[in-house]
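Subject: Structure for you to look at, with notes

Dear colleague,

I am handing over the structure below, and my notes on it follow. Please read them with the sequence and the coordinates open beside you.

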There are 2 protein chains.
Amino acid sequence: MNEYLLPIEILIDQFRKLPGVGRKTAARYAMAVLDMTDESARAFSESIAAAKKDIHRCPVCNNFTDGELCPVCLDENRLPVICVVEDVRALLNIEKVRDYRGRYHVLGGVLSPIKGIGPEKLGIDRLTKRIASEGITEVIVATNPTVEGDATAMYIMRALSPSGVKVTRLALGIPVGADIEYADELTLARAIKSRGIME
Amino acid sequence: MNEYLLPIEILIDQFRKLPGVGRKTAARYAMAVLDMTDESARAFSESIAAAKKDIHRCPVCNNFTDGELCPVCLDENRLPVICVVEDVRALLNIEKVRDYRGRYHVLGGVLSPIKGIGPEKLGIDRLTKRIASEGITEVIVATNPTVEGDATAMYIMRALSPSGVKVTRLALGIPVGADIEYADELTLARAIKSRGIME
C-alpha cells in the first residue's frame with residue numbers, strides 16, 4: 001500500500017488548491033473529512049456548492065453579493081469616497097471601524113506580472129469610471145504595505161491622476177499597543193519620518 | 001456590512017471544522033473557493049461527497065478501504081506482526097519502509113479523557129482479539145512519542161499482557177542526519193540511555 005486510495009488522493013488534491021495548503025496539510029484535512037459523520041461531510045460538500053451558486057461579485061465594486069448589487073453599494077448613505085482594498089477580508093475589517101462610511105473597490109488581488117495579473121484583472125478601468133459617475137471626492141488606497149501592494153498603489157495613483165481626484169493612502173507607523181522594542185526597522189523608520197506634532 | 005453574507009459564513013464555519021483551522025484561515029479558504037471557477041468548485045464539492053461515499057474503515061484493522069477489507073488485510077503475504085499506529089498517515093509512512101511487511105491496527109486517535117476518547121473508541125478490544133485469531137507473534141506500538149501517545153502505548157501494553165504476545169515500541173533517539181548540536185534535551189537523554197554497542 002504505497003499511497004492513499006484514489007478517492008482520498010482526489011480529495012487531497014482538491015484541498016491542495018486552497019492557499020498555503022501543502023500535501024501534508026491537505027492529507028490531514030482529507031482524514032478529517034473521512035472521519036466526519038455522513039451528515040457533516042454532506043453539509044461541508046453542500047456549503048461549497050451553495051456558496052458558489054448563491055454568491056457572485058458586485059458589478060460596481062467587486063465585493064461579494066447574493067443580490068444584484070452588494071450591501072455597501074445599495075446603501076445610499078455612503079459618502080462619495082472609495083477605499084481600494086485587495087480583498088473582501090480587508091473590506092470587512094475596515095467596515096468594523098465606524099469612522100469610515102464610504103464605498104469600496106475590491107481589487108481581488110495585486111499587480112503581479114509573474115502571476116499574469118495586470119490592471120485589467122483588478123478592474124482599475126472600472127474604478128476610474130466610478131470617479132466621475134459617482135462624483136467621488138477621494139480615493140483611499142488601502143492595499144497592503146508590501147512590495148506588490150505598494151506597486152499596485154502607485155499604479156492606481158497614476159491611473160487616477162487625470163481625473164484630478166484626491167488619492168490618499170493609509171498611514172504607516174507603529175501599531176497601537178505595540179512595543180517599540182520589537183518594532184521592525186522599516187516600520188520604525190516610517191513612523192519617525194511621518195511623526196506628527198503632539199496636540 | 002458587519003459580516004460575510006450567510007452562504008459565505010456557512011462555508012467559513014465548515015472550513016473551521018478542519019483540524020487547526022481558525023476563523024481567519026477558514027475565511028481565506030472560503031475566499032479561495034469563491035474565486036474558483038464553477039467547474040473547480042464543483043470538483044471540490046464532489047470530491048468530498050465521493051470520498052465519503054466510497055471510503056470506509058476496514059473492519060479488521062480500521063485502515064481506510066474502498067472494498068470490504070483494506071489492501072493490507074487482503075495481502076496474504078503479510079507477516080503475523082501488528083504495528084499499532086495513531087492514524088492512516090502514519091501507516092502510509094511506515095509502508096514506505098520496505099523493511100516492514102506486517103499488518104496494522106489503526107487507532108484513529110489516542111486516549112484522551114478530556115476529549116472523551118476511551119479504549120473502546122480506539123478498538124483496543126478488537127486488537128486484543130486479533131492476537132489469537134491471526135496468530136500474531138509481535139505487536140509493535142508506533143504511537144507518537146508524546147504524552148498522549150506514551151499513555152496510549154502503556155495502556156495497549158497492559159491490555160495485551162494477558163495474551164502473552166511480545167509487545168515492542170519504536171526506538172527513540174537522534175534522527176538520522178540530524179545535528180546533535182540542535183537535538184533537544186529529552187531526545188538526547190533517551191539516545192544516551194538507549195545507546196548501543198558499535199558493531
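This is a predicted model: local features need pLDDT of at least 70, side-chain atom pairs count only at pLDDT 80 or more; totals for chains, interfaces and linings use all residues.

Chain A is divided into domain 1, covering 6-54, and domain 2, covering 75-173 + 180-193, and the C-alpha centres of domain 1 of chain A and domain 2 of chain A lie 33 Å apart. Helix α1 (residues 6-15) of chain A has seven of its ten residues buried, so it is largely enclosed by the rest of the structure. The buried residues of α1(A) are P7(A), I8(A), E9(A), L11(A), I12(A), Q14(A) and F15(A). What do the buried residues of α1(A) pack against? Within chain A they pack against α2 (23-34) and α3 (38-54), and from chain B their partners are α1 (6-15), α3 (38-54) and β2.

The sheet in chain A

In chain A, four strands make an open sheet in the order β4-β3-β5-β6, with parallel pairing. Which strands stand at the edges of this sheet? They are β4 (103-106) and β6 (166-169) of chain A, each of which has a single partner strand, so that one side of each is left without a neighbour in the sheet. From one strand to the next, the twist averages 25 degrees. Strand β3 (residues 81-85) of chain A is joined by five bridges to strand β5 (residues 138-142) of chain A, and these two run parallel; within this part of the sheet, V81(A) stands opposite E138(A) in β5(A).

Two helices of chain A deserve a look together with these strands. Helix α5 (residues 88-95) of chain A lies across β3, β4 and β5 of chain A, and runs at about 160 degrees to β4(A). Helix α6 (residues 124-133) of chain A likewise lies across β3, β4 and β5 of chain A, with an angle of about 160 degrees to β4(A).

The sheet in chain B

For chain B, the open sheet is again made of four strands, ordered β4-β3-β5-β6 and paired in parallel. Its edges are held by β4 (103-106) and β6 (166-169) of chain B, and because each has a single partner strand, one side of each is left without a neighbour in the sheet. Here I would point to the other end of the strand order: strand β5 (residues 138-142) of chain B is joined to β6(B) by four bridges, and the two run parallel, with V167(B) in β6(B) as the bridge partner of V139(B). Helix α7 (residues 147-160) of chain B packs on the sheet, where it touches β3, β5 and β6 of chain B, and its direction makes about 170 degrees with that of β6(B). Helix α5 (residues 88-95) of chain B, for its part, lies across β3 (81-85), β4 and β5 of chain B, running at about 160 degrees to β4(B).

Cysteines

How many disulfides are there over all chains? With sulfur atoms required to lie within 2.5 Å of each other, the count over all chains comes to zero. The sulfur of C58(A) has its closest cysteine sulfur in C73(A), at 3.8 Å, which is too far for a bond. For C83(A), the closest cysteine sulfur is that of C61(A), at 11 Å, which is also too far for a bond. C58(A) counts as buried, at 2% relative accessibility, and C83(A) counts as buried at 2% as well.

A backbone detail to check

N62(A) has a positive phi of about 75 degrees although it is not a glycine. N62(A) lies in the loop between β1 (56-57) and β2 (64-65) of chain A, and at 13% relative accessibility it counts as buried. In the other copy, N62(B) also has a positive phi of about 75 degrees without being a glycine, and its place is the loop between β1 (56-57) and β2 (64-65) of chain B.

With best wishes

Key: Residues are numbered from 1 along each chain as its sequence is written. Chains are lettered from A and ligands numbered from 1 in the order in which they are written. Side-chain values use heavy atoms; hydrogens and water are left out. Two strands pair if DSSP finds at least two bridges between them. Contact means heavy atoms within 4.5 Å. Axes are lines fitted to C-alpha atoms, for helices over the stretch in contact, and angles run from 0 to 180 degrees between N-to-C directions. Domain bounds come from an automatic or database domain assignment. Buried means under 20% relative accessible area, exposed over 50%, partly exposed in between (1.4 Å probe, protein chains only).
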